[in-house]
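Hello,

Please find below the structure you asked to see. My notes on what turned up follow it.

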Amino acid sequence: MYLPPHDPHVDDPMRFKPLFRIHLMERKCATVECMYGHKGPHNGHIQIVKKDEFSTKCNQTDHHRMSGGRQEEFRTWLREEWGRTLEDIFHEHMQELILMKFIYTSQYDNCLTYRRIYLPPSSPQDLIQPGLFKGTYGSHGLEIVMLSFHGKKAKGTKITGDPNIPAGQQTVEIDLAHPLQLPDIENLRDFSELSRIVLEVQEQVRREEQEREQRQEEGEHSQQAASQPASPLGGGEGAEGEETAAGAEGTTQDKTPASQPFVLPMGVISRNEDYPRTCRICFYGTGLIAGHGFTSPERTPGVFVLFDDDRFGFIWLELKSFSLYSRIKVSFQNAQAPSQEAFDEMLKNIQSLAT
């Protein structure tokens, strides 16, 4: 298992923790050992479920228990997972979230199902190299997000989740057709000024979507009524639409714009104050928020901030919160998607599992 570094140090390397091992014997026999817990390797079982999927089961879960009971197990988990003690955490809400995560993850006792995930394909038009990133999520700690590009959209999909938003859900979506021009550094400190800029773009996006839907409806009606090919004028409109799309796409191809000063507005909370003070470009985006148990999910407006090739951020306008993301530089073998279609299918599958 690859674990993120301790919160909020997103630039630190990932941590590695073995969960099981297989001893290959003669005549194609093998023994499986569970590595979970602190009493050393013990008897386990692996079952191949189907292509690209397998399950592990511990046959001696008593090896996971500690003499001090659940309290000792929780304190040990807290030190390993968060790098701190219970006494270090003063915030009641954070204590509650951490306890929920411990209860949720420890109940499986290393009886888990594994499914293959692909790394996203890349193309020369991508803003930066797609891939896996560690991100700060407030009291939830650090989580793993996969950044992928889809034409005029970029998506951040959760690979690890929390009690509010499970793994597989699209945590952020970036609208690459709508770059944001941030105010000068003094005005940027004013949250209301940034909020005004973002909400104006949100309204513009809403109007464009309505116009697009209206054109689609009119196009369907005209197709039903027409008994001959469309007029040259109709073709001209289509060409103009293509040119507009190409122009928007061209925005994402400029990978080295001049950097500009950046600072978080007053009142915006960040787990990591060590974020870069210059950025390359910003885009309008939306972030997914929900109550515990993924109740009442909704997409809310925000700002995607590209710092450099390996770091980006997202300002959650409604939460007045900032997430900082840093690239995972672990080299994974045989993880590339065989095609864009296979990658899209995988994204759809992990989201349906989470839902």
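**Notes on the structure**

Of the contacts between residues at least 6 apart in sequence, 55% join residues at least 24 apart in the protein chain. Please keep in mind that this is a predicted model. The chain has 355 residues, and 39% of them are buried. Its secondary structure consists of six helices and 18 strands. The accessible surface amounts to about 20,100 Å², with 51% of that area belonging to carbon and sulfur atoms.

**A pair of helices**

Helix α1 covers residues 69–82 and helix α2 covers residues 92–106; the two pack with their axes 11 Å apart, at an angle of about 105°. An angle of 65 to 115 degrees counts as roughly perpendicular, so α1 is roughly perpendicular to α2. On the α1 side, the contact is made by Arg70, Glu73, Phe74, Trp77, Leu78, Glu81 and Trp82. From α2 come Met94, Ile98, Leu99, Lys101, Phe102, Thr105 and Ser106.

**The start of the chain**

Tyr2 lies in strand β1, residues 2–3. Together with Phe16 and Phe332, Tyr2 makes a nonpolar surface patch of about 320 Å². In the loop between β1 and β2 (15–16) sits Pro8. The peptide bond that joins Asp7 and Pro8 is cis, with omega about 5°.

**Asn43**

Asn43 is in strand β5, which spans residues 42–50. What does Asn43 touch, leaving aside residues up to four places away in sequence? The list is Val32, Cys34, Cys58, Asn59 and Gln60. Gln60 is 17 residues from Asn43 along the chain, and their C-alpha atoms are separated by 6.2 Å. With a relative accessible area of 39%, Asn43 is partly exposed.

**Two positive phi values**

Lys320 is not a glycine, yet has a positive phi of about 50°. Lys320 is placed in the loop between β17 (311–316) and β18 (321–327). Its relative accessible area is 35%, so Lys320 is partly exposed.

Asn334 also has a positive phi, near 55°, and is a residue other than glycine. This residue is in the loop between β18 and α6 (340–354). Is Asn334 buried or exposed? Asn334 is exposed, because its relative accessible area is 71% and the cut-off for exposed is over 50%.

Regards

Technical notes:
Residues numbered from 1 in each chain as written. Predicted model: local features only at pLDDT ≥ 70, side-chain atom pairs only at ≥ 80, totals over all residues. Heavy atoms only, no water. Helix = DSSP H or I, 4+ residues; strand = E, 2+ residues; numbered from the N terminus. Buried < 20%, exposed > 50% of the residue type's maximum accessible area, 1.4 Å probe, protein only. Contact = heavy atoms within 4.5 Å. Areas by Shrake-Rupley, 256 points an atom, 1.4 Å probe, with all protein chains shown as cover. Patch = residues over 30% accessible without salt bridge, like charges linked within 9 Å, V, L, I, M, F, W, Y side chains within 5 Å. Salt bridge = Lys/Arg side-chain N within 4 Å of Asp/Glu carboxyl O. Axes fitted to C-alpha atoms, helices over the stretch in contact; angles between N-to-C directions. Parallel < 35°, antiparallel > 145°, perpendicular 65-115°, else oblique.
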